[in-house]
Amino acid sequence: MQPENPIPPHPSPDGQNLTLPSDSPLRQEAARRTRRSFIVGGLAALGGVLGWRYLLQRPDAEGTPLPFRRVLDANGRLSAAYFKETRLAREFPKSQAVKQVRTNGSAGLQSKIDLAAWRLVVRPYGGGQPQEFTLADIKALPRVEMNTELKCIEGWSIVVNWAGARFADFLAKYPLASRSGQPINDIANPPADLAPYVGVVTPDEEYYVGLDMPSAIHPQTLLCYELNGEPLSIAHGAPLRLVTPLKYGIKHLKRIGTIAFADERPADYWAEMGYDWDSGH
Amino acid sequence: MKQLVEKHPLAIRWFHWLNFPVLALMIWSGLWIYWANDVYRLGWGKTTLFKFFPQSFYEAFHLDHKLAQGMSWHFLLMWVFFLNGLLYVLYTLFSGEWRYLLPNRGSFREAGQVILHDLGLRKTAPPVRKYNGAQRIAYTAVILMGLGSLLTGLAIYKPVQFGWLTRLLGGYEAARIEHFVLTIGYVLFFVVHVAQVMRAGWNNFRSMVAGFEVADVPAPEAKTKQN
């Protein structure tokens with residue numbers, strides 16, 4: 001049913017006198033309704049301001065008030081539920097990859113490193129002796145080259161030519177992420193007792209990131225050792241760094257020291273400073 | 001005959017006034033985010049007419065170094081902005097209010113007349129109805145802009161999971177520019193909207209708060225005589 005137009009067409013009110021005669025019932029009704037509406041509106045505005053201030057003054061949860069942290073985490077759970085390992089980040093022609101790749105951040109790179117003595121340490125899920133790997137062990141895995149966008153949480157992005165081994169391939173060969181010691185043969189059907197999280201830390205433990213396992217075993221998540229076909233420079237995270245176009249650049253930890261699997265979300269350098277722990281794409 | 005005529009339903013008044021602070025805070029937190037990579041400008045080659053934004057602007061409003069805070073506000077308030085907008089659209093559909101809001105065949109011609117009149121270039125004012133053609137176009141466009149902000153926002157928030165959307169919008173970088181341009185659009189809308197509300201006066205403004213307007217409407221035609 002088409003509702004009646006509440007205001008029938010009429011001449012422009014410009015210059016019309018719409019003042020209601022004083023002490024007319026119409027004027028009293030208009031005044032009553034106006035008063036009531038402005039009081040309700042004013043109280044609602046006040047309630048809104050006080051409510052927002054209340055939210056901001058809640059105790060801090062890793063750099064952001066608790067209600068905001070809860071919403072970030074809920075958003076993360078929602079995207080985890082929607083996540084599919086078959087959705088790939090866009091790949092670009094190699095010609096589009098930038099030649100001079102920007103370095104952003106050097107936390108975890110300040111300590112001295114002897115590249116020849118470097119070992120990747122992996123702590124098996126559920127305990128057991130930590131295992132050590134050389135760069136040659138990683139390079140023995142299938143080499144994957146990809147030209148993907150590095151998206152910085154600051155808002156800029158560049159196409160980068162990366163090469164390395166899939167983390168999923170590493171876990172297929174070295175079954176360290178499931179309690180029963182089963183390898184990942186098919187990322188769509190990983191072992192049922194696969195760890196839900198993985199934490200990656202620099203050798204000096206100054207920089208650390210946490211990833212959800214589905215993102216970590218995504219086919220575009222690499223243990224990366226080459227950039228533009230060259231071994232990583234120190235500033236870009238030699239000898240081995242994490243690369244995943246499924247996350248903002250903050251998760252692309254340079255100079256991997258230790259990898260450990262966990263039941264709870266591992267500590268994350270930027271998440272402790274108020275950023276979204278998931279930071280996923 | 002002077003009457004109090006019902007103009008804005010209660011639901012629309014609530015949607016309108018809730019959207020105002022929510023969109024304002026979305027823009028504010030968006031500025032905190034944008035500051036971290038403030039590369040946009042108006043210009044060509046090496047000539048810059050205007051940089052978004054001058055350093056003095058950030059300093060005056062303390063907009064700098066608030067990226068994390070900006071993101072946490074943005075990703076909470078986006079839900080309120082989305083739900084409020086969705087409920088508004090559903091309400092207008094089911095209540096029939098959309099009939100006054102969507103542009104029709106005459107709207108574009110009438111919008112031209114309204115603009116000429118408002119700029120003082122045309123004497124006669126177009127007849128007053130609930131919304132004139134210019135309003136219909138503006139109020140429909142701003143809803144489409146809201147949808148655009150949600151879609152471009154989603155495209156830069158989850159560019160892999162919604163990769164099809166990001167590609168449709170021209171890529172990650174393009175979607176970020178579109179998200180920014182839409183925000184500039186809201187600011188321009190706001191300037192014109194507030195100027196027009198001030199011009200229209202108290203009676204009109206009050207109707208968005210109290211719902212009614214005082215109008216001098218023609219007396220209803222006498223009912224047919226009963227024999």
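## Getting oriented

A residue is buried if 20 or more other C-beta atoms (placed from the backbone) lie within 10 Å of its own, exposed if 12 or fewer do, and partly exposed in between. What you see above is a predicted model: local features need pLDDT of at least 70, side-chain atom pairs count only at pLDDT 80 or more, and totals for chains, interfaces and linings use all residues. Residues are numbered from 1 along each chain as its sequence is written, while chains are lettered from A and ligands numbered from 1 in the order in which they are written.

Helices (H or I, at least four residues) and strands (E, at least two) are DSSP runs, numbered from the N terminus.

## A five-stranded sheet in chain A

Let's start with an open sheet of five strands in chain A, in the order β4-β3-β12-β7-β8 and with mixed pairing. Strands count as paired if DSSP finds at least two bridges between them. At the edges stand β4 (131–133) and β8 (208–212) of chain A, each with a single partner, so one side of each has no neighbour in the sheet. On average, neighbouring strands here are turned by 20° against each other, direction ignored.

A:Val121, meanwhile, sits opposite A:Thr258 in β12(A).

## A hairpin in chain A

Elsewhere in chain A, strands β5 (residues 144–151) and β6 (residues 157–166) run antiparallel and are joined by eight bridges. A:Val144 stands opposite A:Gly164 in β6(A). Five residues lie between the strands of this hairpin, where A:Gly155 takes a positive phi near 125°.

## Nonpolar cores

A nonpolar core is a set of buried Ala, Val, Leu, Ile, Met, Phe, Trp, Tyr and Cys residues joined through C-beta atoms within 7 Å. The largest one has 59 residues, and A:Val200 and A:Leu223 have the most contacts inside it. Strand β9 (residues 222–227) of chain A gives this core its largest share, five residues.

Leaving out residues up to four places away in sequence, A:Val200 touches A:Tyr208, A:Val209, A:Leu242, A:Leu253, A:Ile256 and A:Ile259. There is also a second, separate core of 11 residues, including A:Leu72, B:Val22, B:Leu76 and B:Met78.

## Where the chains meet

Contact means that the C-beta atoms of two residues, placed from the backbone, lie within 7 Å. Chain B puts 45 residues into the contact and chain A 49. On the chain B side, α3(B) gives the most, with seven residues. That side divides into 25 nonpolar, eight polar and 12 charged residues.

## Two crossing helices in chain B

Helix α5 (residues 107–118) and helix α6 (residues 133–157) of chain B pack at an angle of about 110°, with their axes 6 Å apart. The two helices are therefore roughly perpendicular to each other, a label used for angles of 65 to 115 degrees. Among the residues making this contact are B:Phe108 and B:Ile115 of α5(B) and B:Arg136 and B:Ile137 of α6(B).

Methods
Axes are lines fitted to C-alpha atoms, for helices over the stretch in contact, and angles run from 0 to 180 degrees between N-to-C directions. Ala, Val, Leu, Ile, Met, Phe, Trp, Tyr, Cys and Pro count as nonpolar, Asp, Glu, Lys and Arg as charged, and the others, Gly among them, as polar. Angles under 35 degrees count as roughly parallel, over 145 as roughly antiparallel, 65 to 115 as roughly perpendicular and the rest as oblique.
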